[in-house]
Amino acid sequence: MTVPALNVQPLDTGTTFRSQVYHALKQAITEMDIYDHDREIRLDERQLSDKLGVSRTPIREALTLLEQEGFIRLQPRRGIFVIRKTKTEIVEMIQVWAALESMAARMAAEHAPAEEIHKLWDLFGSFEQRSPKDNVSEYSDANIAFHKSIIQLSGSKLIQDVTDNLFIHMRAIRKLTIGQEDRAERSIHDHRAIIKALESRDAGLAEKLVREHTMGLAAHVEKHCDFLE
């Protein structure tokens with residue numbers, strides 16, 4: 001199985017290169033499927049320079065920032081690698097996400113505008129007549145958008161900032177596992193219950209449902225994802 005390519009575009013040269021390179025690389029890494037193969041993902045400074053249309057100096061500056069945030073590791077004489085977490089680390093990250101997203105759900109139930117909560121139904125409208133398990137790729141995107149939306153509806157910038165740095169791994173693991181067993185069908189059932197709790201402004205129930213839903217992912221990874229070791 002081939003290692004996924006990093007999808008980056010040439011930059012607008014009118015703004016700060018380091019900032020642009022940092023955001024472009026972070027976005028591209030976040031969108032990669034880093035766990036659906038068993039090979040390391042290596043980045044090349046020269047190729048990044050060519051693709052982005054900038055010198056290697058802002059590339060190196062941006063890579064240093066990404067290393068500090070835990071997205072990549074720089075290994076002397078070996079290269080630059082996208083970090084892949086172990087199963088134990090992934091489970092711990094899911095547990096942290098569960099705590100943060102469940103608090104976000106409580107805050108959303110208490111404060112989010114009703115019209116913004118109602119928009120969550122739109123993510124799953126196309127699955128009223130279609131089975132999620134028969135459209136796994138499309139449903140996976142909706143699933144990921146749902147969890148990001150819960151975070152955003154909290155209105156907490158701190159929760160958003162903290163979860164942004166977990167998102168690369170959460171996105172990859174959710175996308176990888178959503179088609180396993182009957183997770184897609186159970187997932188959409190859970191999501192509908194969460195939306196109803198948010199709409200009824202039942203903060204305690206919304207918090208509980210989101211935490212249990214996400215901890216179900218942790219249990220699934222613990223039981224079925226030995227390939228992460």
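**Exercise 1.** Determine how helix α1 and helix α3 are oriented towards each other, and which residues make their contact.

*Solution.* In this predicted model, local features need pLDDT of at least 70, side-chain atom pairs count only at pLDDT 80 or more, and totals for chains, interfaces and linings use all residues. Residues are numbered from 1 along each chain as its sequence is written, and side-chain values use heavy atoms, with hydrogens and water left out.

Step 1: Helices (H or I, at least four residues) and strands (E, at least two) are DSSP runs, numbered from the N terminus, while axes are lines fitted to C-alpha atoms, for helices over the stretch in contact, with angles from 0 to 180 degrees between N-to-C directions. The axes of α1 (residues 17-30) and α3 (residues 56-68) come within 8 Å and cross at roughly 55 degrees.

Step 2: That angle makes α1 oblique to α3, given that angles under 35 degrees count as roughly parallel, over 145 as roughly antiparallel, 65 to 115 as roughly perpendicular and the rest as oblique.

Step 3: The crossing of α1 and α3 is right-handed, a term used if the near helix is turned clockwise from the far one by less than a right angle, with anticlockwise giving left-handed.

Step 4: With contact taken as heavy atoms within 4.5 Å, α1 contributes F17, R18, V21, Y22, L25, K26 and I29, and α3 contributes P58, I59, E61, A62, L63, L65 and L66. By class, this contact has 11 nonpolar, no polar and 3 charged residues (Ala, Val, Leu, Ile, Met, Phe, Trp, Tyr, Cys and Pro are nonpolar, Asp, Glu, Lys and Arg charged, the others, Gly among them, polar).

**Exercise 2.** Describe the packing of helix α4 and helix α9.

*Solution.* Step 1: The axes of α4 (residues 87-111) and α9 (residues 203-224) are 8 Å apart, and the two helices pack at an angle of about 165 degrees, which makes α4 roughly antiparallel to α9.

Step 2: The crossing of α4 and α9 is right-handed, and their contact has 15 nonpolar, 4 polar and 7 charged residues.

**Exercise 3.** Is S149 buried or exposed, and which residues does S149 touch?

*Solution.* Step 1: S149 lies in helix α6 (residues 136-153).

Step 2: At 18% relative accessibility, S149 counts as buried (under 20% relative accessible area, with exposed over 50% and partly exposed in between, for a 1.4 Å probe and protein chains only).

Step 3: Not counting residues up to four places away in sequence, S149 touches L120 and L123.
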